[in-house]
Amino acid sequence: MTGAPWISVALPLSRLAALATLPRRGGKVGAAVPSKTIRTRHSAPPEPTSRTPRPVDSTILLLLVQDGVVNGAIYALIALSLVLVFTVTRVILIPQGEFVAYGALTLAAFEAGHRPGTVGLLLALGAAAFVADLAAGRHTLDARSLGAIALRDLVLPAAIAGATLVVPEKPGLLVGILLTLAIVTPMGAYLHAVAYRPLEHASVLVLLVASVGCHLALTGLGLVFFGAEGSRTPPLSDAMIPAGPLVVSGQSLWMLALTAAIILGLWTFFGLTLIGKALMATAVNRLGARLMGIAPSMAGRLSFSVAAFIGALSGILVAPLTTIYYDTGFLIGLKGFVAAIIGGLASYPGAALAAVLVGIIEAFSSFHASAFKEVIVFMAIIPVLLWRSLRSHPVEDDE
Amino acid sequence: MSALLDASGVTVCYGKIEAVRDVGLRVEPGQVVTVLGANGAGKTTLLSALMGVLPARGAVTFDGRPIGRLSIEARVGAGLGLIPERRELFSTMTVEDNLRLGAFRFGRRERGSLDGMFALFPRLKERRRQLAGTLSGGERQMLAMARALMGRPRLLMLDEPSLGLAPLIVAEVMRTVASLRDQGVSVLLVEQNARAALRVADYGYVLDGGAVVLEGPSRVLEADARVVETYLGVLAAETGAQEARAG
Ligand SMILES: Nc1ncnc2c1ncn2[C@@H]1O[C@H](COP(=O)(O)OP(=O)(O)OP(=O)(O)O)[C@@H](O)[C@H]1O
Ligand SMILES: [Mg+2]
């Protein structure tokens, strides 16, 4: 069983508590962390907290909204990458949560001073992708394309692995983050080559089944490489900035700033670059794009890499706030998915706004009924689906 | 002179039905070749197979190189281009983006040809910021043609480029086809408007029930009793009259 529902990303409560005990530094599980925020994974689901309604004054209200927005930023990143992958490849990227966990745990390993297991996984996935790419291109291989494939699937991961060897034992936060992104990002491309490219012509349903398989496999590999213990990383910034009745942490500012940067980056990529437009074209009309020489395998590889990059970055951003286990990513990914669904799996702004809404709903429900937090968040999808199905008109099959 | 495109024994099946049966076809460099046939004769199926959109049996070489196993993208890279029957424009993207993507295979090297294309199709220049999906039918045809030309194909296959166009514009399309030949581009033209097609083409094939029933230089076909009867008869006479009125 993966993604046990009681592993919660109990951000709002942890931050409420943080106000009382600030400044707080994250550490391994069991470090000075307020007891309510992190539930150890083998404990039974906790009893519902006190039933008496708590009064909400405006400070708490603001605080909850603030927490909701910060969490929502992470969900927005994930929702955007899910929309990207779905529109370009028709794949519902369930394993996106694993990229989140890999990002967090890889960085945590660097911080703890050991070489992360994902390096080995990167090499293995690269080798598997090499074989898959050779098989896919067997009729058209020439020396040049063979060289390009070898460079991408074998030399690149070897170079990244080499880089992890030459850096010092504890490379420091910035180098650790860069290495983490370098390790996880190409995994997206390799995953596409190995698991999805052979299914290029399959239906959405078959691709979904493949996604479930990939999710299970990557979660299992996560357990192998990182073990069952959870990890935290230090925050990107210890600063606590008073802002009226609130105290804004440097970490949450980093999260908002990087989310904004990613959104801006995606906007630039799609709006201004030819390759970004080629991805969009593939999403709009796959045959049309192929007739322009835009290969679906290239588009898939690229969108999966972007998704893996965004996933790893999200993991790096949440890791200081909550303990991440090898299977925590699933739940975070699922919330991004809820937001993406609300946006119809097609609209980037819709998905981003919905993600902030999901974050806020989560913040309020964990304050009022923390035991039912996940239930409330996931139930938010039902009225949306109802509304969508009521207002939807039969879609003409246009491609 | 060896053929640019040489196809032989091309057979395409939809399930058990053979929509194209044992078709052989050659296009010489700088030649305009037309494929005529009634509705459902297999013309679109044949072009799709030549482009790699549909799997086919038989041998196809392009510029002396077998391309039968290549993907669509690889054939585009080799210099084939297809304007499909349904055009497949990027409807939610602008006219200009559609055109730029037409030159995708050249990467960022392609800068100047956008202006050239606007010179050829001034109408598209006026509409460059408009979404392709909101263009009129005729404008959409122009965009499809311009987008394909942006890829500078050595052989351009057109599937009914005059579909739904006013007679004046049909003449314009045919002039564009003729000018392509002058630039050394070969053209494989599928048309319902047989008279217009034979006028511009050097050579023609007639498909019926998925097989080639007649082929020859267009002058010969134009005079062939069967062609006149089937394709240039009453209907074509009407079109001719329309063209005369319009001109
Ligand atoms: N996807 C398909 N599945 C089954 N049969 C098909 C399919 N596509 C086309 N056909 C059949 O194959 C035959 C040839 O179709 P095709 O589209 O090639 O004709 P065409 O010559 O282009 O006709 P038109 O002039 O009307 O465009 C027709 O009988 C058509 O019904
Ligand atoms: Mg047709």
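Predicted model: local features only at pLDDT ≥ 70, side-chain atom pairs only at ≥ 80, totals over all residues.
Residues are numbered from 1 along each chain as its sequence is written, chains are lettered from A and ligands numbered from 1 in the order in which they are written, and side-chain values rest on heavy atoms, with hydrogens and water left out.

## Interface

At the interface, 25 residues of chain B are in contact with 22 residues of chain A, where contact means heavy atoms within 4.5 Å. The area buried between the two chains is about 2,100 Å², of which carbon and sulfur atoms give 71%; buried area is the accessible area (1.4 Å probe) that two parts lose on being put together, summed over both. Two salt bridges are found across the interface, a salt bridge being a side-chain nitrogen of Lys or Arg within 4 Å of a carboxyl oxygen of Asp or Glu. One of them joins Arg290(A) to Glu73(B), with the closest N and O atoms 2.5 Å apart.

On the side of chain B that touches chain A, the elements giving two or more residues are α2 (72-78) and α3 (95-102) of chain B, and the largest share, four residues, comes from α3(B). Helices (H or I, at least four residues) and strands (E, at least two) are DSSP runs, numbered from the N terminus.

## Magnesium site and Glu88(B)

The protein donors of the magnesium ion (ligand 2) are Thr44(B), through OG1, and Glu85(B), through OE, lying 1.9 to 2.5 Å from the ion. Donors are N, O and S atoms within 2.8 Å of the metal (3.2 Å for Na, K and Ca), and because water is not among the atoms, sites may look incomplete. Thr44(B) lies in helix α1 (residues 43-51) of chain B and Glu85(B) in the loop between β6 (80-83) and α3 of chain B, 41 residues apart.

Glu88(B) is also placed in the loop between β6 and α3 of chain B. Buried means under 20% relative accessible area, exposed over 50%, and partly exposed in between (1.4 Å probe, protein chains only).

| Residue | Relative accessible area | Class |
|---|---|---|
| Thr44(B) | 25% | partly exposed |
| Glu85(B) | 32% | partly exposed |
| Glu88(B) | 12% | buried |

Leaving aside neighbours within four places in sequence, Glu88(B) is in contact with Asn285(A), Leu287(A), Gly288(A) and Arg147(B).
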